[in-house]
Amino acid sequence: METIRGKMSHTLDSTTLQARLANYSAITLDLGTGDGKFAFCHAESFPGRFVIGLDSCRENLREFSRTKLPNLLYVIASAQALPKELSGLVSYVTINFPWGSLLGSLLTGDPLLLCGLESVLTTGAKLDLRLNGGALAEAGWTFEDGVAQVRENLVRAGWRINQPAPMDSHDLHAFPSSWAKRLAFGRDPRAIQLSGCI
Ligand SMILES: C[S@@+](CC[C@H](N)C(=O)[O-])C[C@H]1O[C@@H](n2cnc3c(N)ncnc32)[C@H](O)[C@@H]1O
C-alpha cells in the first residue's frame, strides 16, 4: 500500500507493516483523515495504539505526515478500495466529518465501502462517526434525514449503532481535528456523533 511522509510516498508491504505493528495490540483507522491532525493527536494520546490515517488526497497530509511518532502511519487510498494489507487488523474506526464520495458511500450504503471496511476489522471493532449538517446539505440531504439514512445503512451492514449524540459548537471546538475547528466557527455548526460496534 502507498504510505506518505511529507512529499515522499513509499510502498509498504504486509511483512514490513506487520513488523511495525508487532508491539501494538490495538489498531485505529481514521478514514478520510484530511490533514491527519486527529490521527496525530490520537497517536500521541494513546502511545499503546497504532494509528493509521487514510485519505485519497495527498496534498493536505504533508505537514502532519512529516512527524515521527512510532505508532502513526499515513496511507493514500480510497475508502472504497482499502489496502488488502490492512485485512483483519483494525479494532477502532473513526470517520470525522466526511464529505465527497466518502459521505456519498455512507449515504447510499455502498458495499465497496461497507464490505471493504468489514474486511479490515477485527471482531467487535468499534466505530465513531461524526457527521455535519453542511456536508449533508451539500449532498442534498437534510441533517435529520441524512443522519438517519447513514445510521440505517450501517445497521444493515451489521453495525450496532447507538442513538445519535449531538455535538454543539463547544464540542466541535474541543475536538482535535482541523475540520471540527472550521465547523465550530462556521455558519452551520450542526454535528452529531454515531458510535457503535460490529
Ligand atoms: C471535511 S474533510 C475532514 C477531514 C478530517 N477528518 C478532519 O476532521 O479534519 C473530509 C475528508 O474526506 C476525504 N475523502 C472524501 N472521499 C474520500 C474517499 N472516497 N476516500 C478517502 N478519503 C476521502 C477528503 O479527501 C477529505 O480529506
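Biologist: Which residue caps the N-terminal end of helix 5?

Modeller: Helices are DSSP runs of H or I with at least four residues, strands are runs of E with at least two, and both are numbered from the N terminus. At the N-terminal end of helix 5, a side-chain oxygen lies 2.8 Å from the backbone nitrogen of Leu-112. A polar contact is a pair of N or O atoms within 3.5 Å; within protein, one must be able to donate a hydrogen and the other to accept it, and residues adjacent in sequence count only if both atoms are side-chain atoms. The capping residue is Asp-110.

Biologist: What kind of model is this?

Modeller: Residues are numbered from 1 along each chain as its sequence is written, and side-chain values use heavy atoms, with hydrogens and water left out. Local features need pLDDT of at least 70, side-chain atom pairs count only at pLDDT 80 or more, totals for chains, interfaces and linings use all residues, and the model is predicted.

Biologist: Against which elements do the buried residues of helix 5 pack?

Modeller: In helix 5 (residues 111–120), the buried residues are Leu-113, Leu-114, Gly-116, Leu-117 and Val-120. Buried means under 20% relative accessible area, exposed over 50%, and partly exposed in between (1.4 Å probe, protein chains only). The packing partners of these buried residues are strand 3 (26–31), strand 6, helix 4, strand 7 (121–132) and helix 7 (143–156).

Biologist: With which residues is Ser-105 in contact, leaving aside its neighbours within four places in sequence?

Modeller: Ser-105 is placed in helix 4 and counts as buried because its relative accessibility is 5%. Contact means heavy atoms within 4.5 Å. Leaving aside neighbours within four places in sequence, the contacts of Ser-105 are Gln-80, Asp-110 and Leu-113.

Biologist: What separates the C-alpha atoms of Gly-109 and Ala-157?

Modeller: Gly-109 belongs to the loop between helix 4 and helix 5, and with a relative accessible area of 23% it is partly exposed. Beyond its neighbours within four places in sequence, Gly-109 is in contact with Leu-114 and Asn-153. Gly-109 and Ala-157 are 48 residues apart along the chain, and their C-alpha atoms are separated by 8.0 Å.

Biologist: How many aromatic pairs does a search of the whole structure find?

Modeller: Rings of Phe, Tyr and Trp (its six-membered ring) pair if their centres lie within 6.5 Å; planes under 30 degrees apart count as stacked, over 60 as edge-to-face and the rest as tilted. Across the whole structure, the number of aromatic pairs is 5.

Biologist: Why is the pair of Phe-40 and Phe-64 tilted?

Modeller: The ring centres of Phe-40 and Phe-64 are 5.6 Å apart, and the pair is tilted because of the angle between the planes. Phe-40 lies in helix 2 (residues 37–45) and Phe-64 in helix 3 (residues 62–65), 24 residues apart, and the pair thus links distant parts of the chain. Phe-40 is buried at 15%, and Phe-64 is buried at 13% relative accessibility. The angle between the two ring planes is 45°.

Biologist: How many residues apart in sequence are the parts that the pair of Trp-99 and Trp-179 ties together?

Modeller: The rings of Trp-99 and Trp-179 form an edge-to-face pair, 4.7 Å centre to centre with 70° between the planes. Trp-99 lies in the loop between strand 6 (90–96) and helix 4 (100–108), and Trp-179 lies in helix 9 (residues 178–185), so the parts tied together are apart in sequence by 80 residues.

Biologist: Phi of Phe-97 is near what value?

Modeller: Phe-97 lies in the loop between strand 6 and helix 4 and is buried at 5% relative accessible area. Ring pairs link Phe-97 with Phe-38 and Phe-175 into a cluster. Phe-97 is a residue other than glycine with a positive phi, near 55°.

Biologist: How much of the accessible area that the ligand has on its own does the protein cover?

Modeller: A backbone N or O atom of Gly-32 lies 2.8 Å from a nitrogen atom of the ligand, and one of Asn-96 lies 2.9 Å from a nitrogen atom of the ligand. An N or O atom in the side chain of Ser-177 is 2.7 Å from a ligand oxygen atom. Of the 600 Å² of accessible area that the ligand has on its own, the protein covers 94%.

Terms used: Areas by Shrake-Rupley, 256 points an atom, 1.4 Å probe, with all protein chains shown as cover.
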